Structures are given as C-alpha cells and as structure tokens.
Amino acid sequence: MKKFVLTDGEYLRLLDDATGHVRVEAGPSTVTPGPYEKSEEGKQAGASLTKTEYVKLTDKSGEVRIVKGPGLVFPMETESLGEKQQAYKLERDEWMKLVDEATGVVRVAVGEQIVVPGATERVAVDIQHAIKVDDETAVLVQNKKDGQQRLVTAANSRGPFFPSAYDEILEERSLIRIEPHEVAIAADEKNHILYFDGSAGDAKGLAFFLPPYYHLITMMWGSGTSQEDLKSGIIRNAKEVKFKVPVTKIDMRRQYAFFEYKVRTSDKVELLLEGTLVWQVVDVPKMFSQTSDPKGDVWYHARQRLVQAVSRVTLESFMDDFSDLATKAIQGDPFYEERGVNLHELSIIRYECANPSDALVLEQIIAETTKRMNQLASQNSKNDVERAGMEGDIAIEQQRTALLEIKAANDKVSAMSAGEADGLRLAASVNKFVQEVGNHAAISNASMAVELLKFYEEQRTATTQTRDLASGQAQLFLTPKDLNLKMVMGRGEL
C-alpha cells in the first residue's frame with residue numbers, strides 16, 4: 001500500500017469505496033490509506049492566510065463559509081477550497097457598500113477597518129473616499145427606496161459624508177458664485193426655471209448650491225473665438241460667427257463683437273465693411289424664452305439691417321454720411337427688445353471696395369476729398385488767424401476808448417474841482433472887496449462897488465499881459481478897437 005508523506009501546509013483527502021466515508025489528513029504526517037481508501041486528488045496544498053486575506057470554502061450542499069487569516073486553512077471532508085482573496089482595507093474617510101445576495105440586505109462598511117465580505121455577500125460599491133462636506137462643497141443624494149433626492153450641506157452634516165445603505169451619491173456639488181453682473185439659469189426635470197441674479201439683494205453677488213433636481217442651463221452662443229481658445233485665454237476677435245461656445249453664466253455688461261459685412265450700394269458698388277457691435281443682455285427671462293443664441297441673432301440681424309440701409313444710397317452718399325447711416329439702421333427696430341437684448345451701437349470703422357477696379361476709383365475719390373478737406377482746413381486756419389488779429393485790434397481799441405473816457409472824466413472832475421476852488425476864492429475876494437469899499441463914504445451903494453472892482457480887475461489883467469509880453473519873444477497885434485483909436489482923413493486922401 002502506498003504511503004503519503006505530508007509536509008506542513010499539505011493535506012490529503014481519502015475516500016473509502018466500501019463505506020463512502022471521506023477523511024482529510026493534514027501534515028506534517030505520514031498517511032497510510034486503508035484497504036479500500038483512495039485519493040483521487042492526491043496531496044493538496046492548504047491555504048496559508050495573512051492578516052488581510054480570506055478564503056471561501058464551499059460544501060457539496062452549497063453552503064459557503066468564510067475563513068479569515070491569519071492561519072493555515074484546510075477544507076473539511078465535503079468542502080472545496082477556493083482561491084484565497086485579499087480583504088478590503090479601509091482607511092479613515094473611506095467606505096464601501098456590500099449586498100447580501102441571499103437576503104438582499106445592504107450594508108455600508110466605514111474605515112478604519114479590514115473588511116471581509118460574508119459568505120453570500122458581494123461588493124456593490126468598491127472603496128470610495130468620503131466627500132468632505134463644508135461651506136464650499138455639498139453632496140446630492142438619492143434614496144433608492146423612495147427615489148427622493150436631498151442635498152447634504154454643511155448646515156446639516158459638516159465633515160466626511162458616508163451614505164446610508166440605500167443612499168446613492170449622485171454627484172458632488174460645489175458652491176456656485178454669481179458676480180453682481182451675472183445671471184445663471186437652472187431647470188429641473190419638469191422644466192421649471194430658476195433665475196439666479198447676482199444684482200439682487202445687496203448687489204454683491206450670490207453664492208449658492210443648486211437645489212435637488214435642478215441643473216444649470218448651458219447655452220451655446222455664437223462666437224468668433226473657439227472654445228479651446230477661450231479655455232487657453234486666447235481672444236481672436238474674428239469678424240464673423242464661426243464657433244459655438246458654452247455659456248453658463250450670462251454677463252449682463254455691455255459686450256463687443258467685431259463684424260465684417262459685404263454690402264452693395266444703389267449704384268452697384270460692392271463694399272466690405274468692418275466695425276464693431278456694442279450689445280447687452282437686459283432681460284434674461286425674455287432672452288431665454290426667445291432665443292438660444294442672442295449674440296448670433298444680434299450679429300446676423302445687424303448685418304441684414306446694414307445691407308438694407310446701404311442698398312438705398314449711392315457710394316457718394318455713403319461716404320459722406322456712413323456713421324449716421326449705421327446709427328439709423330438700428331434705430332426703432334423691435335427685434336432686439338423682443339429678445340431681451342439691446343444693440344447700443346453699430347460702428348463702421350473701415351470700408352473698402354470688394355472689386356479692385358472700384359477700389360481704384362474709390363481711392364481717387366478719397367484722395368480728392370482729402371485734398372479738399374486739407375484746403376478747407378488750411379483756409380479755416382488762415383481765417384482763424386485773421387479773426388484772432390481782428391479781435392485783438394478791436395479789444396485794444398476798446399481799451400483805448402475806455403482809457404480816453406476815463407481820462408476825460410478825470411479831467412472834467414479836475415477842472416470842476418479847480419473851477420469850484422477859483423470860484424470860491426473869487427467869491428470871497430469880491431465879498432471882502434465890497435464890504436471894505438462899502439464902508440467908504442464916496443461909495444453910495446453896492447453897484448458902484450462892483451463897477452469899481454470890475455475896473456480894478458481889467459487894469460490888473462492888462463498889467464499882467466503887458467508884463468508877460470515885455471519879458472518874452474511874443475509879438476502883440478492890436479486892433480483899433482483895442483487902442484480906442486479913431487483916424488480922421490480928408491476926402492482928397494481917399
């Protein structure tokens with residue numbers, strides 16, 4: 001009879017054909033089979049388990065048992081030894097979910113621990129890191145029993161969040177910040193709309209978590225810059241709408257868009273116009289209900305209006321008044337208000353002829369116009385210089401007139417003052433003379449005194465004049481009347 005030498009860690013399963021009895025022998029030992037015993041499998045290695053390992057043993061009846069390490073495991077007589085498996089090591093803030101396939105019971109294992117699934121358990125959710133709920137982070141959870149969603153925030157569960165057995169984490173939600181000039185749109189499954197306006201309240205902006213069932217609406221707006229360039233911070237300012245870019249937060253400030261339109265005048269001259277559009281979203285609910293691309297609508301409608309306006313005028317009229325033409329093209333148009341936007345300005349900053357031959361004629365017209373404008377500017381400059389000189393002369397003459405008027409007034413005042421002084425002296429002199437002479441017995445009344453004073457003054461004046469003539473180089477011319485001279489001549493002498 002063959003003997004089996006079993007070392008440590010080996011085992012032998014023997015079946016007695018006569019009785020059907022099965023026995024298992026483990027090493028180290030020497031096993032001698034009985035007369036009717038045999039081993040179809042021969043020597044087998046047991047399962048050597050570490051602390052973090054386990055093995056499943058399945059009985060012929062289908063019953064399963066779990067053996068955890070550390071240790072050496074051998075199957076029983078009717079068991080089969082499965083492959084050893086690694087247990088689940090959960091660190092702090094880690095969790096996993098297991099479901100019992102026999103009963104349907106779900107359990108959540110939370111670290112720190114070594115987790116070994118039960119005999120009929122399977123891993124439903126592998127090891128996950130707990131989401132840290134704080135002021136910036138929340139967790140959207142759905143209960144599988146009733147299907148209801150709830151938002152777990154720091155207000156009700158601050159710290160690591162571990163779901164319950166029937167909780168399913170739908171997503172981690174970050175705090176959404178809306179600047180005072182921004183508006184965000186959210187909708188639920190039934191298309192109920194919420195608007196988050198950063199200018200509401202104290203106009204300092206908003207910070208919020210999206211409520212359960214709601215998601216942010218992302219609109220696709222026309223743009224001259226691709227989404228990849230926007231992410232890289234590259235602004236190309238293309239002059240036509242080539243791309244669609246996602247917009248989640250709507251900027252309520254004025255925005256610029258560049259354009260390049262081809263138009264044709266009434267005299268069949270094709271022009272290429274370049275310029276800017278200044279537009280603004282003013283009513284988000286109206287905009288959202290009427291269009292999915294407000295920027296594209298503004299760009300294309302402005303082109304249509306400008307093409308129509310230019311087609312009604314000649315090239316000459318366009319060149320003379322293209323700024324007013326662009327302004328009038330957007331005035332009184334209800335299109336923008338109906339879409340909750342406002343086109344503040346449509347400016348043409350450059351134009352050229354699309355046809356080279358027309359471009360040559362336009363260049364000549366511009367040259368002549370520029371020459372005429374330069375001549376007018378030169379003449380205006382000369383006129384301004386002459387006008388300034390005339391204004392200076394007028395100002396000087398006005399100042400001279402004012403000086404003469406002031407001088408004349410001063411001379412008049414001086415003369416009046418001198419005359420009043422002389423008059424006062426003369427009056428005092430006359431009064432004194434009359435009083436003194438009136439006391440003389442030969443003067444009978446005041447009239448005689450005055451006549452005497454008059455004679456005195458005449459003699460004094462004559463004396464003064466004679467003295468002045470005698471002391472100077474002057475010549476005296478006297479009339480007969482001055483000499484009181486009478487000449488008598490005979491008739492024969494005439």
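This is a predicted model: local features need pLDDT of at least 70, side-chain atom pairs count only at pLDDT 80 or more; totals for chains, interfaces and linings use all residues.
Rolling a probe the size of a water molecule over the atoms shows where empty space is left. The second largest pocket has a volume of about 210 Å³, and of the 13 residues that line it, Arg13, Leu15, Val22, Glu41 and Lys60 are the closest to its centre. Two elements, strand S2 (10-16) and strand S11 (79-86), each give two or more residues to this lining, and S2 gives the most, with three residues.

Sorted by class, the lining of this pocket holds seven charged residues, together with three polar and three nonpolar ones.

## Helix H3

The buried residues of H3 are Pro294, Gly296, Val298, Trp299, His301, Ala302, Leu306, Ala309 and Val310.

Strands of a sheet pair through backbone hydrogen bonds, either parallel or antiparallel. Here three strands form an open sheet in the order S19-S18-S21, and the pairing is antiparallel. Strand S19 (149-152) and strand S21 (167-174) are the edge strands, each of which pairs on one side only, while the twist from one strand to the next averages 25 degrees.

Between strand S18 (residues 137-143) and S19, the antiparallel pairing runs over four bridges; Gln142, for instance, has Gln149 in S19 as its bridge partner.

Most residues other than glycine have a negative phi, and most peptide bonds are trans. Against that background, a cis peptide bond joins Gly27 and Pro28, with omega at about 5 degrees, and Pro28 sits in the loop between strand S3 (22-26) and strand S4 (29-31). Another cis peptide bond joins Gly69 and Pro70, with omega at about 0 degrees, and Pro70 lies in the loop between strand S9 (64-68) and strand S10 (71-73).

Asp93, which is not a glycine, has a positive phi near 70 degrees; its place is in the loop between strand S12 (88-90) and strand S13 (94-100), and because its relative accessibility is 32%, Asp93 counts as partly exposed. Lys268, also not a glycine, has a positive phi of about 65 degrees and is found in the loop between strand S30 (255-264) and strand S31 (270-281). Lys268 has a relative accessibility of 61%, so Lys268 counts as exposed.

Definitions and conventions
Residues are numbered from 1 along each chain as its sequence is written. Side-chain values use heavy atoms; hydrogens and water are left out. On a 1 Å grid over the protein atoms alone, a cavity is a set of points where a 1.4 Å probe fits but cannot get out, and a pocket is an open set with protein on both sides within 12 Å along at least five of seven lines; lining residues have an atom within 4 Å of a point. Grid points are joined across faces, edges and corners, and a volume is the space filled by probe spheres set on the points. Ala, Val, Leu, Ile, Met, Phe, Trp, Tyr, Cys and Pro count as nonpolar, Asp, Glu, Lys and Arg as charged, and the others, Gly among them, as polar. Buried means under 20% relative accessible area, exposed over 50%, partly exposed in between (1.4 Å probe, protein chains only). Two strands pair if DSSP finds at least two bridges between them. Axes are lines fitted to C-alpha atoms, for helices over the stretch in contact, and angles run from 0 to 180 degrees between N-to-C directions.
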